[in-house]
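Please consult the sequence and the structure shown here alongside the text.

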Amino acid sequence: MMDFINFYLVPGITLGAIYALGAVGVSMIFGILRFAHFAHGDLMTVGAYFALSAVWLLGIPALAAIPIAVALTCLVALFADRAFYKPLRQLPTIYTVIASFGVALIFRSVVQLFWGTESQVYSVGFQKPIVLFDSLRIATRHIQIILATAGITLVLHWFLHHTQMGKTMRAVSDDPALASVAGLDPEKTIRWTWIIGAGLAAIAGVFVGLDTDVHTMMGWNLLLPMFAAALLGGIGKPLGAIAGGLIIGIAEEICTYPFFGESLISPSYKSAIAFVIMLLILIFRPRGLFKGRLL
Amino acid sequence: MELSGILFYLISFLIMGGIYSVICLALNMQWGFGGLFNAGIAGFYAVGAYSAAIITSANTPNHVGGFDLPIVVGLVVAGTLSGIVGWAIARICVRLKADYLAMASIGIAEIIRLAVINEEWLTNGSLGVSRIPRPLEEFFTGRESEMVFFVFVWIIVAITFWVAHRLYKSPWGRVMRAIRDNEAAAESVGKDVQSFRTQSFVIGAIFMGVAGALSAHYFKFFSPDATEPLLITFLAWVMLIAGGSGNNKGAVAGALIIWAIWSMTEIITQQLPPDWATRSSYIRMLLIGLFLQFVLQRFRAGLFPEKAPKLNVKSHG
């Protein structure tokens, strides 16, 4: 039983927290700008590499590098929106999807050009796990990631429900025509959507680096589970996306637990779980668990 | 000698250009005719390539088969299996906005990649399937077999083009364009939007599978590395949009022109000093990514913009 918690459940929650932070951005961009942002995974990669440079140049720990990574990644996202997405805003949104597919490639090749393609880590050395109640062993990095994600969720909830901009975002996400009739500034809302989406993506990227390592394909490989999490939570429901991310992360890890002597599925097919969940959601409940929009 | 070297470079260029033309025409059936975004082209291509490879290669203990069957059988199986995968995914996604199909199609490509790497009994895993035959191999060798293959590829391109052209001009193509441009209007005159969209996605998927089969025969060896999404999916999108989505001539022209640019940048970057050579492939990717943005913003109709055939309506007094 303790093995189950130590080696499957806690890593599952950690992975889920990373998916969750990425999926918030996917869900909000889909809800407010109405397109599936294919470059979101590579935005995470960009954030992780900004933090890596900060760690190298300033000699600070990766967690302290997060604010720098967030700020720079937000600028990158705002620039990408201005240069590549805004000119296509009046067209059918599928053109923006194609553009974001290309932006993903631009992000990745720039990262490969500047930082090279070898895997990197923020810090070397073994961290001793924290032992609670004699048998519950949790790695420090897992505690950090899980607690930070819980804190971010609370702040996000407060932002969406108690600030003017948060309420505006929910309104635009629910009904853009009505929101513009009410005199809400669409471009300002879009800017804030990018800031939140890119900021959380950068944090998620740093967390991936803390949990495993930093490499140039890391973000692209997370795109499928993030899309699945956003759909599971309901498009335009950021808190739903967090729940969706956690469910998918936990499901991926738990499915490899040997419940009946051998694991339910082979670990090499772990990333198929997200796809299966995505298909089930699209077939049976396209609005997601929390009644998101059906675009 | 110089001249024949150039000639054979040209032939190998046109073989790959032909394979990309088939992919591009197939993508045009999905996106150009029906407005369906497919981000998993590499998946359908891999299904086709592996089916053809397993059907036609000689018997081996490394994986299931090979069945040593004629290449035509391999092409038919490749198209059929790829079409079935396309049908399954289209059934689920076409009733939703195109973005959902885009997200699901990435998933399809990912699952197929996983299966190809892990199911060693079927595909020999990362070692790949080898000894895949080329057509008429027993009569021609070396450069002659390359010539024969060139003719073979372009016969398939011609067939694909003919199919795409007939579909485009047919009443079916007209309905597809109506759905693409105004779904509600098409539905209001009683067209079954979902069924038409599924059909266009499946027909496109079939030809993507055929293109995969062609490349397996050309390289005579197929491993998971050859299904790199960047080189297949992304390049095909750039080709179609630059050439002109909706226009079959544009699809072929786009495939050849972008493949020419892509091959030329490789020649140029080979001249760079060695420490730049490793970085040059990233520069190429960056440039092709920026090129797509340029085309989308300034040049959206492409080189050969779509020209819908005139309606031949007789006036009734």
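## Surroundings of Thr256(A)

Setting aside neighbours within four places in sequence, Thr256(A) is in contact with Tyr8(A), Ser263(A), Ile265(A), Pro267(A) and Lys270(A), where contact means heavy atoms within 4.5 Å. The model is predicted: local features need pLDDT of at least 70 and side-chain atom pairs count only at pLDDT 80 or more, whereas totals for chains, interfaces and linings use all residues. Residues are numbered from 1 along each chain as its sequence is written, chains are lettered from A and ligands numbered from 1 in the order in which they are written, and side-chain values use heavy atoms, with hydrogens and water left out.

Thr256(A) lies in the loop between helix H10 (238-254) and H11 of chain A; helices (H or I, at least four residues) and strands (E, at least two) are DSSP runs, numbered from the N terminus. Thr256(A) counts as buried because its relative accessibility is 9%; buried means under 20% relative accessible area, exposed over 50%, and partly exposed in between (1.4 Å probe, protein chains only). The side chain of Thr256(A) reaches the backbone oxygen of Glu253(A) at 2.7 Å.

Glu253(A) also forms a salt bridge with Lys270(A), a salt bridge being a side-chain nitrogen of Lys or Arg within 4 Å of a carboxyl oxygen of Asp or Glu. Lys270(A) lies in the loop between H10 and H11 of chain A and Glu253(A) in helix H10, so the pair ties together parts that are 17 residues apart in sequence. Glu253(A) is buried, at 12% relative accessibility, and Lys270(A) is partly exposed at 26%.

## Salt bridges

A search over all chains finds ten salt bridges in the whole structure. The table lists three of them.

| Pair | Closest N and O atoms |
|---|---|
| Lys270(A) and Glu253(A) | 3.4 Å |
| Arg113(B) and Glu110(B) | 3.3 Å |
| Arg180(B) and Glu306(B) | 3.2 Å |

Arg113(B) and Glu110(B) are three residues apart in helix H4 (residues 98-118) of chain B, so about one helical turn separates them. Arg113(B) is partly exposed, with a relative accessible area of 34%.

Arg180(B) forms its salt bridge with Glu306(B). This pair links distant parts of the chain, 126 residues apart: Arg180(B) is in helix H7 (residues 171-181) of chain B, and Glu306(B) is in the segment after helix H12 (274-298) of chain B. Arg180(B) is partly exposed at 26% relative accessible area, and Glu306(B) is partly exposed at 27%. Salt bridges that share partners also join Asp81(A), Arg89(A) and Glu187(A) into one network.

## Interface of chain A and chain B

How many salt bridges are counted between chain A and chain B? The count is zero. Eight residue pairs, with both residues at pLDDT 80 or more, are in polar contact across this interface; a polar contact is a pair of N or O atoms within 3.5 Å, and within protein one must be able to donate a hydrogen and the other to accept it, while residues adjacent in sequence count only if both atoms are side-chain atoms. Helix H3 (62-85), helix H4 (93-115), helix H9 (218-233) and helix H11 (272-284) of chain A each supply at least two residues of the side of chain A that touches chain B. H4(A) gives the largest share of that side, 16 residues.

In contact, 46 residues of chain A meet 42 residues of chain B. The two chains bury about 4,000 Å² between them, 76% of it on carbon and sulfur atoms; buried area is the accessible area (1.4 Å probe) that two parts lose on being put together, summed over both.

Glu146(B) is placed in helix H6 of chain B and is buried, with a relative accessible area of 17%. Leaving aside neighbours within four places in sequence, Glu146(B) is in contact with Ile11(B), Ser12(B), Ile15(B), Arg134(B) and Tyr218(B). Glu146(B) and Tyr218(B) are 72 residues apart in sequence, and their C-alpha atoms are 8.5 Å apart in space.

Asn124(B) lies in the loop between helix H5 (120-123) and helix H6 (142-169) of chain B. Phi of Asn124(B) is near 65°, a positive value in a residue other than glycine, and Asn124(B) counts as buried at 13% relative accessibility. Lys220(B), in the loop between helix H9 (193-219) and helix H10 (229-243) of chain B, has a phi near 65°, which is likewise positive in a residue other than glycine. Lys220(B) is partly exposed, with a relative accessible area of 29%.
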